[in-house]
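Please read it beside the coordinates.

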Amino acid sequence: PPQRLSRALVKTLLYRALMVVITVGVALFVTGDTGQALSIGLVANLVKTGTYYGYERLWDRISWGV
């Protein structure tokens, strides 16, 4: 249903926003360079966002444990 699709999308985006902040913070600590930290944080999390969203959608099709 469309409502489950939008819930999964909102949940994914909010979680990934939090992960961007954490990844940028760790990358800044490791590299000491703000530009590199932002690049690492954004690229890594764009890839992970798509992966997580697909993973959530896959689990929506599995009835095990529901």
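In which helix is the place of V26?

1. V26 sits in helix α1, which covers residues 2–31. Helices are DSSP runs of H or I with at least four residues, numbered from the N terminus.

2. The model is predicted: local features need pLDDT of at least 70, side-chain atom pairs count only at pLDDT 80 or more, and totals for chains, interfaces and linings use all residues. Residues are numbered from 1 along each chain as its sequence is written, and side-chain values use heavy atoms, with hydrogens and water left out.

3. V26 also belongs to a nonpolar surface patch with L18, I22, F29 and V30; together they have about 560 Å² of accessible area. Such a patch joins nonpolar side chains (Val, Leu, Ile, Met, Phe, Trp, Tyr) within 5 Å, from residues with over 30% relative accessible area and no salt bridge. Areas come from the Shrake-Rupley method with a 1.4 Å probe.

4. Two salt bridges are present, the term meaning a side-chain nitrogen of Lys or Arg within 4 Å of a carboxyl oxygen of Asp or Glu. One joins E56 to K11, with the closest N and O atoms 3.5 Å apart. Because E56 lies in helix α2 (residues 34–60) and K11 in helix α1, the pair ties together parts 45 residues apart in sequence. E56 is buried at 17% relative accessible area, while K11 is partly exposed at 38%. Buried means under 20%, exposed over 50%, and partly exposed in between.

5. D60 and R57 form a salt bridge at 2.9 Å, N to O. Both residues lie in helix α2, three residues apart, about one turn of the helix. D60 is partly exposed at 30%, as is R57 at 26%.

How values were computed:
Patch = residues over 30% accessible without salt bridge, like charges linked within 9 Å, V, L, I, M, F, W, Y side chains within 5 Å. Helix = DSSP H or I, 4+ residues; strand = E, 2+ residues; numbered from the N terminus. Buried < 20%, exposed > 50% of the residue type's maximum accessible area, 1.4 Å probe, protein only.
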